Amino acid sequence: MPRVYNWQLGRQMDYRFETGTQKRQFAAVFNINRCIACQTCTMACKSTWTFSPGQELMWWNNVETKPFGGYPHHWDTKLLALQEAADPGGQVWDARAPTRAAPYGTFVGKTIFETADGVEKQATGYLPTDDEWKSPNLFEDTATRFSPTGATLPEHSGWFFYLQRICNHCTFPACVAACPRNAAYKREEDGIVLIDQQRCRGYRKCVEACPYKKAMYRPTTRTSEKCIGCYPRVEGTDPLTESIPMETRCMTACIGKIRLQGLVNVQPDGQWAEDRQNPLYYLVHVERVALPLYPQFGTQPNVYYIPPRWVPRDYLHQMFGPGADDAIARYTNPSRELLAVLQLFRATQKIIFSYRIEPGPKTAEFTIDGQKREIYNDTVLGFDSKGNEIVRITVNEPFYERPDRFAMNTI
Amino acid sequence: MTMHVRSRKLLVACLVLLTAAVLQFTGVNPAASQTVLLVAYESPRDPGLDPTSAAWDAVRAVEVPLAAQRGSYAAGGGSVATVRLKALHYGGSLYIRVEWTDRTENASALRAEDFTDAVALEFPSRTAATVPSVCMGQPDAGVNIWYWRADVDAGNVALAAAYPNMQVDGYPFEDDTFLTARGAANPVAADRPVQTLTSRLFGYLNTSPVQDAAGKGTRTESGWAVVFSRTFRSTGPDHADFAPGARTDLAVAVWDGANRERDGMKSVSQFATLQVAAASLPGGGGIDGRFIALAAILLVGLSGIGIGLAIYGAAERSRER
């Protein structure tokens, strides 16, 4: 079996296919701290792709309340339990000082590929029952406990948070590894993972293998379907933007402005090529403020999360790996550049391929937790695939004073 | 003493010959690795696709052993030990009836965790340069597969069959474009109980552009009986062709839905030999000619042993005197 380098694990691992042909990778950053679980993303996806017979229980995008919620129910804890049973006590990280090739240290446990035998299964997983696919928002807003005296940072005593989930378009997809007939495949041009509806025979090996359970069975066609990363928009073939790549429906519909999606350049070994001014590269590799979801599964997922600040750290370590503490520290006390880049979230429908910052004046200075903070009203500019400016936004929200004629609030 | 040894040898030889004759004429195959012969005689009447048709009553079943698929990913299966095959031809079409024991009826794959019972026949393609690998063929020798699934045959194709109380406000579009796999002409999504497939290596199962195999299954007391049918000659690329007087190979695979079997997780046979006989079904309606021959052999054999024993006994007695 080929050896591939998984930078999220900081080590090589076994995977069914070689890397080396992929040019770009679909990636996104979701800021959990800002999500209000309005489900606008969910409905944007639903009304675009999954409104037909047989797709009733299919939610390519969903927002679930952690720690109890899950679609399908308990998808993550069930797999964590299977992995723990396969490698008791061994699923741990060797957290070390971050490097670009190993930003979170090294995972010394076993991936889902390494706990499978390769003969009956390519990846450890399970097939959820139809009951588990129902009630996609079960345990909505359910906290771990009631806090009668209120909750304070850094860790709330009673807590929950919203987890926004789409297909991770993994660099080493378990669905692709598990498909015995290569109906599931990963595109070279953007890394979007698709299931060929002409080849799929409904074996549901992908449903079983995907650790995030984002491949779903459709009973009316007896095949499996999955999130297609709105590929016509990402390709720029949607007539709306005239050949300029555009973000997906779930991203652009986000009213909480928690999402930023784009494409990053990929090296032959599967790592991200250095691209300092790509906002995704900056957030993931330079600031390391956004982290992969359950990196220990080993698929190198490509949706990155800014972890919620108020959640107990052991839970976040389990979900996002050892990088969670640093990510929260950087997000809580952002650098001047990070504060500017965070303004790019949902400032345009088009994919931002690069950004530039024009310095602005200092507009505030204060102290938080004994640390001096300064806010600069910098302007951040975003550029599309052709290098054209598509967004220009300042750190301080523009302030307008109404003229007198609106004094009576006659809008 | 010489007489004693010779008589015993004679007795053993008689028994061996008798056993061989019985095995030959009853079709019982004591060694699983030995090739099974399935003969398709011409039927005096149209057997049709109904597995309960009386046309099958006069046909002797051939037992084919199955084993779990362990050769390649995704390995598994093995829950069905054997199938009983019958074959006929009529009016230029081949009919093959497969029957197997499966106590659990799995004729719906509507829920995400449900898998259908299924069976498939595999033949070498007409273009095969050699006998193909029984494991889905090989690049220079393809195979032609007829695949029957219980769920579609039973008509369990709409969601209401699994969810009788479901309510939906409405669907904006209901044409095949939005039944994506069906819109892409994937035969899995077509409500057709038998799919015609070809393959030239495991992992490379393809849908044939010519879907010409037909079939129908029925639930028996202990399992399933399925009849497949197709004309001798097919226009499909990489399909098998048949002709009276010609032999080809035939393998069987069975999937048990209760065991979540699908794909390579199945019970498979080795290649058996299928002979399409130019002759009509012997003794169609009357006493089977083979039965008469068997009775004659048994009579002659037993008489021979009796005579041998009598001679031996007489000799012994005369020696004692």
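**Figure 1. Chain A as a whole, with its 11 helices and 19 strands.** This is a predicted model, so read the views below with that in mind. The radius of gyration of chain A comes out at 21 Å, close to the 22 Å that the globule rule gives for 411 residues, so chain A is as compact as a globular protein of that length. Laid out along its principal axes, the C-alpha trace spans about 75 × 50 × 45 Å.

**Figure 2. Zooming in on A:Ile306 in strand β14.** Strand β14 covers residues 303-306 of chain A. A:Ile306 has 23 other C-beta atoms within 10 Å, and since 20 or more is the mark for burial, this residue counts as buried. Leaving out residues up to four places away in sequence, A:Ile306 touches A:Val29, A:Asn31, A:Ile32 and A:Asn33, plus A:Val289, A:Ala290, A:Ala327 and A:Tyr331.

**Figure 3. Where chain B meets chain A.** Chain B puts 30 residues into the contact, and chain A puts in 32. Sorted by class, the chain B side has 19 nonpolar residues, along with five polar and six charged ones.

How values were computed:
Residues are numbered from 1 along each chain as its sequence is written. Chains are lettered from A and ligands numbered from 1 in the order in which they are written. This is a predicted model: local features need pLDDT of at least 70, side-chain atom pairs count only at pLDDT 80 or more; totals for chains, interfaces and linings use all residues. Two residues are in contact if their C-beta atoms, placed from the backbone, lie within 7 Å. Ala, Val, Leu, Ile, Met, Phe, Trp, Tyr, Cys and Pro count as nonpolar, Asp, Glu, Lys and Arg as charged, and the others, Gly among them, as polar. Helices (H or I, at least four residues) and strands (E, at least two) are DSSP runs, numbered from the N terminus. A residue is buried if 20 or more other C-beta atoms lie within 10 Å of its own, exposed if 12 or fewer, and partly exposed in between; C-beta atoms are placed from the backbone. The radius of gyration is taken over C-alpha atoms; the globule rule is 2.2 Å times the number of residues to the power 0.38.
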